[in-house]
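I set out to read this model from the whole chain down to single side chains, and I kept notes as I went. The entries below are in the order in which I looked things up.

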Amino acid sequence: METITRTKIADLLKSKSFGEKVNVKGWVRTRRGSKLVNFIALNDGSTIHNVQIVVDVEKLGEEYLKPVTTGACISVNGILVESQGKDQSVEIQATEVEIYGTADPQTYPLQKKGHSVEFLREIAHLRPRTNTFGAVFRIRHHMAMAIHRFFHERGFFYFHTPIITASDCEGAGQMFQVTTKNLYDLKKDEDGNIIYDDDFFGKQASLTVSGQLEGELAAMALGSIYTFGPTFRAENSNTPRHLAEFWMIEPEVAFNEIEENMQLAEDFIKYCLQWALDNCLDDIQFLNGARKLLYKSEDNDDLVERIKFILDNKFIRLAYTEGIKILEEAVAKGHKFEFPIFWGADLASEHERYLVEKHFKCPVILTDYPKEIKSFYMKQNEDGKTVRAMDVLFPKIGEIIGGSQREEDYDKLYKRAEEMDVPMKDIWWYLDTRRFGTAPHSGFGLGFERLLLFVTGMANIRDVIPFPRTPNNAEF
């Protein structure tokens, strides 16, 4: 086979170099035609679109081409020509075809037919080859690029916080334990507690639920930082919105108070969504139809319009107390919520979405939550009842960002930690930042997969991460 430099299909489809020899490599989506001419739809993952390969069967040999079925991997040399088809501008008239790998039609599971998302999760090692998941994972890449670009352009430093931690200071939930101990022969003290002196770290250690606290340490030296990495929660939550392993973006900024924190969150998420429109439009438009078939969804909103809705509206700033009044008035007028609403309640997704979708009809940043339902590190307001928390609420999702101004006063932070039974032995280093050169600072966390749910329109969080980790599921 003649050696020709490979061209990615995404680039080839933009080319106007008709008459030139080209090479493409990829996986066969479909093959159809007659005994004289075959048409192969080839995809290499660089774009949602296929390139059509026109094959002279007599020239290349019917028997030779027999293994070129759906799922096979091939290399094609040919002449780039202008396409006569309505859905494409170019096609390749094949001169040589090399078969890299075959896919037996009897056993290859991704034949050209509809597959359920449940089935595709069972073959997560192959599902990136489908159009739907190829689109999802290209969007995932672009959203990660947007995140890094946003912070880099604003002078933030990318800071790597530990995945293994010796404390659950953030109080965000159950943790996965990390140990080298023999689980069949655990040494215990006279009270029945496990002795960790002989463990790898010499103490109990777990996978992190958040990089926030370590991120605050960095902000107190570098000024503006962000983390972006995997986090872990061990709750037995088998829902379409929960994963045991997911990715979090957590900026922390010295000298920012709650108002700057809210503006940063709004600017950040709008930047990411504009990036999606600018760089992922083909994939978004494809998913617009695909998701409705996959989930048999009655949710017929257009994904592009959904994104533009966020971009075109300024986020409403709303105090929690005012939000509760609006929700209570809705109940008084006959609106039914599954969960009760009262001052002091931790709002459910249905409450958050009502405020965004029904009442204000634009994104909402809810602030000043009761301190009893928030973490110990949030700065207390002068009323003694509320803290400077902020949650960004989106249509379809509910809370997509959670954050706060952090308490910089040593005595107040120490007292609040005591009230919430946070072990001082676990946070002495965190308290030190309030002892030595303390400063106002703020930050927030964005669950990466929640953002992807919004952009892609996928209905289950397991379908926006390559290999989902959930209760009773750690395959691949």
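**Entry 1: overall build.** I began by noting that this is a predicted model, so every value here is computed from predicted coordinates. I counted 14 helices and 16 strands in the secondary structure of the protein, and I found that the C-alpha trace spans about 85 × 60 × 45 Å along its principal axes. Of the 476 residues, 51% count as buried. When I took the contacts with a separation of 6 or more, residues 24 or more positions apart accounted for 67% of them.

**Entry 2: the nonpolar cores.** I asked which residues of the largest nonpolar core touch the most other members. They are Met143 and Phe394, in a core of 69 residues, and helix H7, residues 258–279, gives the most to this core, with twelve residues. A second, separate core has 29 residues, among them Tyr320, Ile326, Leu366 and Tyr377. I then listed what Phe394 is in contact with, leaving aside its neighbours within four places in sequence, and found Ile269, Leu273, Ile310, Phe315, Arg353, Val356, Pro363, Ile400 and Phe454.

**Entry 3: the start of H9 and Asn288.** At the start of H9, a side-chain oxygen of Asp302 reaches to within 3.0 Å of the backbone nitrogen of Val304. Asp302 also makes a polar contact of 2.8 Å with Asn288, side chain to side chain, and I placed Asn288 in helix H8. Is Asn288 buried or exposed? Its relative accessible area is 13%, and Asn288 is therefore buried, the cut-off being under 20%. The side chain of Asn288 has a polar contact of 3.5 Å with that of Arg291 as well. Leaving aside neighbours within four places in sequence, I found Asn288 in contact with Asp301, Asp302 and Leu303.

**Entry 4: salt bridges.** I counted 27 salt bridges, and I looked at several of them with the general point in mind that side chains of opposite charge can pair when their charged atoms come close.

- Arg121 and Asp463 meet through their side chains at 2.9 Å, N to O. This pair links distant parts of the chain, with Arg121 in helix H4 (residues 117–122) and Asp463 in the segment after H14, 342 residues apart. Asp463 is buried, at a relative accessible area of 0%.
- Glu153 and Arg149 form a salt bridge with their closest N and O atoms 3.2 Å apart. They lie four residues apart in helix H5 (residues 131–153), and so about one helical turn separates them. Glu153 is partly exposed at 44% relative accessible area, and Arg149 also counts as partly exposed, at 38%.
- Glu216 and Arg434 meet at 3.0 Å, N to O. Glu216 lies in helix H6 (residues 212–222) and Arg434 in helix H13 (residues 424–435), 218 residues apart, so that distant parts of the chain are linked. Both Glu216 and Arg434 are buried, and salt bridges that share partners join Glu216, Glu252, Arg406 and Arg434 into one network.

**Entry 5: a position in H7.** I went back to helix H7 for Asp267, which is partly exposed with a relative accessible area of 36%. Asp267 and Phe150 are 117 residues apart in sequence, yet 9.1 Å apart in space, C-alpha to C-alpha.

Entry 6: Two bridges join E8 to strand E9, residues 205–207, and the bridge partner of Gln177 in E9 is Ser206.

Key:
Residues are numbered from 1 along each chain as its sequence is written. This is a predicted model: local features need pLDDT of at least 70, side-chain atom pairs count only at pLDDT 80 or more; totals for chains, interfaces and linings use all residues. Side-chain values use heavy atoms; hydrogens and water are left out. Two strands pair if DSSP finds at least two bridges between them. A nonpolar core is a set of buried Ala, Val, Leu, Ile, Met, Phe, Trp, Tyr and Cys residues joined through side-chain atoms within 4.5 Å. Buried means under 20% relative accessible area, exposed over 50%, partly exposed in between (1.4 Å probe, protein chains only). Contact means heavy atoms within 4.5 Å. A polar contact is a pair of N or O atoms within 3.5 Å; within protein, one must be able to donate a hydrogen and the other to accept it, and residues adjacent in sequence count only if both atoms are side-chain atoms. A salt bridge is a side-chain nitrogen of Lys or Arg within 4 Å of a carboxyl oxygen of Asp or Glu.
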